[in-house]
Amino acid sequence: MDLFVEIVWGVNSAVECHLHTVEVTGSNPVRPIFIKQPFLGCFFLPKDRRFFAFSPDCESEFGEKMKRALTIEDLFKIRRPSEFALSPDGKTALVVAKDYDLPSNASSRVLMRFDLEAKAHVDGAMGNVAADAHDLAFSGDGKSLFYVHDDQLWRANADGTQARQITMGVGGVSHPVSTFDGSRVIFTRQVYMVEAAQAEYSTTKKHPSLAKIYGLQHPKARARVADSLMYRHWDSWTENRRNHLFIVDVESLAMTDITPEDADVPPIALDSGCDYDISPDGKHVVYVKNPDAMIARSTNNSIYLGDLDGLTLGHVRRISTTDGCDTAPKFLTNRRIAYLSMATPGYEADAVRLKVFDMESQETRIFGEDFERSFSEYVQVEDDVLLFGAQDFAHSSLYKLDLRSGAIEQLTQGRTYTHFTSTWGMGRVVALVESLECPAEFVELSNFIQFSPQYDVYRESLSQEKLIYLTQFGRDAIDDVEMNRGQKTVFRYKDIDIEGYVVLPPGFDESKKYPLILLIHGGPQGAFLDSFHYRWNVELFASRGAVVAFCNPHGSTGYGHDLTRAISKHWSDDCPAAIMGFVDHVLAQYRQIDADRMTAAGASFGGFMINWLMGHTDRFKALVSHDGIFNTQMSGYITDELWFCDYEFGGTPYEAPEAYERHSPHRFVENFKTPTLVVQGEQDFRCFISEGVGLFTALQYKGVESRLLYFPNEGHWVLDPADSFVWYSEVLDWLMNHVKSEV
C-alpha cells in the first residue's frame, strides 16, 4: 500500500517528535506516531510496514511497526470459527471455520484438526472426511465421527478413515446425535407436508414449484397461500415444510421419520441449537415440540420423552412442567434428563433455569432459582456435575453446577467464552474466546479457581485461568491493525448501575477533539458484549476516527433478571433517558469528545430507540436506523412472532391500544430534524418493510435530509458479504460525513 510520510524532528532537544503517515490509496486519516526523543532521520520498510529512526549522535536507532486502522475488507480476511468437536479422549479437536472471498461474494467451509497433546494444528486431510464437513459429532465411545457433507449424514472412524455415507434422500441433515456406541443416530431434516410436493422433491432432488407446494390451479403461478400462522419466520417462508426428527441405523442404513406429524420437531422458533437427544443405550429419545394450536402466539416449547424400539417410536409423553419455553434436553444417564426452562408463558426473555427429570421417580428438580444469571449451553463433566455458560455483565463466563447440593461456583470472569466443551472430569476444556479487539479464537483452558458468583459490576475482575491458544485467525489476518481495548465505565441512573464501554480510535491524540458514535443494541432483551461482532464491529466504527460508545440499559441481559424485566411494557419510559444519561457520563469522562459532533446508530430495538430519540432530541448530527419499529401498533399486526408484542405491550394491538400508541415513534414525526440513514431488508419478517419505508417517507415529508438503504435479499441481518460491504460503507460514510470538521 502506498504511503506518504511527513517527518518533523527536533535535534538536541527534548521536543516530542511526530511521524505522520497517511495511506494514499486508502481511506484512513492522517495518523501520528509519537516518538518521545529527538531523531535525525528515518527510513521505511514497506513490506512489513516498519520504520526506523536515528538519534542525533547516529549511535542508536529505535523502531516501531506502523499499525493501521481496520478496514471493511479486513473483516472478510479473518477466518471465522463456527463449530468444533472434541474427541472423548481429549486428544483431538476438530474445528470448522468459514473463509470469505469478498471479490467473488462467496464463502466456504474448512475443516481443521488439532493435536491437543502436541498443542499443534495438523495439516492435511482428516482421513477420508470431506474438507467441507460440518455438524460434527463423536460417539460417546470415541470410535465414530459423524458429520454432514452434501446434505447427507456420513460416518467415519475417529481418525477419519473409512468414511461412508449413511443417509439418502432429500431435506438435508442437521445436528446428528448418536447413541453411546454409535450404532444409531438421530438428526433433523425438512419435509414438505403436501404429499405431491414431497414426491416431486424426492424424485427430482429439486425444490418443487410454488404451484405444487400450495396446490395452485396454474402450474406457472407464483402465488403463496396461508391458512394459519406461522407461514413465515425471520427471513423465509415456511413453504408448507416441517422439521422432522429421523433415526438411522448405521449398519443397515435403515431410516425412519419418527415424528411424521404436521408439526415442527424441533420448533423453528426459540430453539437452543440442538433440541433433542438419544439415551446412551438407545432405548429412549427426548425432543422439543410446541403443542399449541397457534404457535405464533406461544412460547410453549415443551420436552417430550419417547420410547424407542429399534427404529420405531412408541409411547410419547410430555415431561416439562410449565407452559414457558423449554429447550436443550440432554440425557445425563439412561434415566435422567436435563433441560433448560423458562417459567413465564409468552415471555421469550424470562430467566433460564436448569431442570432435571428423573424417569424412575417422575420428579423434576429445579436448579439456579436464586442465580442472577440465565443458563445457556451446558455439558456434563461428572456423574453429578455440569459445566455451563451464562452471560455475565458484558462477558460470558463459565460456571460449575453440583447436582447433588445445587451449589453453583463461578470459574471465569472478565472474558467472553462461548461454544465450549469438555472431556469427562474436565481433564480438557476447549472454548472460543473473543473480545472487542480480538476475533474469536479456540483456546484450551485449565487451572480454574472457583469462587462464588459475582454480581457487583464495580467488582468485576479478570479471572486467572490458563489459556493456550489453538488458533490465531486474527493474528494471521490483521496483525498489523491497531485495535484499542474497550474501556469499561459504569454510571448511576436513578437506582440502577448501568455499564458501558468506550473504544478510542486508532492513533488517538489526547490533545484533539473527536466525534462520538453511540451504538444502541437490539432485543430489547439483549446486550452489547465485549466480543468481536462482525455485523456491528465496534473497532470498524472507530476506524474512521471517532470515539465509539455503547451501554447496556433497561432490558439488557447479563446484569440480573430485574434489569432485563425492566423494559417490558416500558420501552419509551426510562430507557431513552438512561441512554442519554450515559452519553452525558461519557462526555464528562472524555474531554476529547466533541459534544457538537455526536451521531448514533442502532438496529431492531436499537432502531426503535433511534426512531424514538429522533422525535425527542436534536443533539445528534446524524442517525442510522436499521430495521427498527416506526409504528408500534401496526408492527403488532405484521410481525411474525406475535407472542413478543403480546408480552411487551401487555396484549394484542386491539386489547392494549393505548400501550402500543404510547410507545410509538411515529407520533413524533413533527419533531424530526436529524439527518437519518434508514436501512431495511425486504425479507425482514420481524420488523417488516413497512417500518423502514414508513420512516423514510416521514423524513421526506418533513424535508429532513435522509437516505434509504434497501436490501431486497436480506432479512433482519445483512449477511451476504457484498451486501455487508455496502452496509458498512454506507453507514460509516453517512455518520462520518456529517461530523467532518472540528467545531
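This is a predicted model: local features need pLDDT of at least 70, side-chain atom pairs count only at pLDDT 80 or more; totals for chains, interfaces and linings use all residues.
Colleague: Which residues of α7 are called buried, and what makes them so?

Modeller: They are Cys575, Pro576, Ala578, Ile579, Met580, Phe582, Val583, His585, Val586 and Leu587, and the word applies because each has under 20% relative accessible area.

Colleague: Why are α7 and α8 called roughly perpendicular?

Modeller: The two helices pack at an angle of about 85°, with their axes 11 Å apart; angles of 65 to 115 degrees count as roughly perpendicular, and α7 and α8 are therefore described in that way. Their contact is made by Cys575, Pro576, Ile579 and Met580 of α7 together with Phe605, Met609, Trp612 and Leu613 of α8, and these residues divide into eight nonpolar, no polar and no charged.

Colleague: How do you know what span to expect of α7?

Modeller: Helix α7 (residues 574-589) has 16 residues, and its reach of 22 Å from first C-alpha to last is close to the 22 Å expected at 1.5 Å a residue.

Colleague: What makes β21 and β24 stand at the edges of their sheet?

Modeller: The open sheet has four strands in the order β21-β22-β23-β24, with antiparallel pairing; β21 (276-278) and β24 (312-318) each have a single partner strand, so one side of each is left without a neighbour in the sheet.

Colleague: How do you know that β23 and β24 pair?

Modeller: Pairing needs at least two bridges, and β23 (residues 302-309) pairs with β24 in the antiparallel sense over five bridges, with Leu308 standing opposite Leu313 in β24.

Conventions. Residues are numbered from 1 along each chain as its sequence is written. Side-chain values use heavy atoms; hydrogens and water are left out. The expected span of a helix is 1.5 Å times one less than its number of residues. Buried means under 20% relative accessible area, exposed over 50%, partly exposed in between (1.4 Å probe, protein chains only). Axes are lines fitted to C-alpha atoms, for helices over the stretch in contact, and angles run from 0 to 180 degrees between N-to-C directions. Angles under 35 degrees count as roughly parallel, over 145 as roughly antiparallel, 65 to 115 as roughly perpendicular and the rest as oblique. Contact means heavy atoms within 4.5 Å. Ala, Val, Leu, Ile, Met, Phe, Trp, Tyr, Cys and Pro count as nonpolar, Asp, Glu, Lys and Arg as charged, and the others, Gly among them, as polar.
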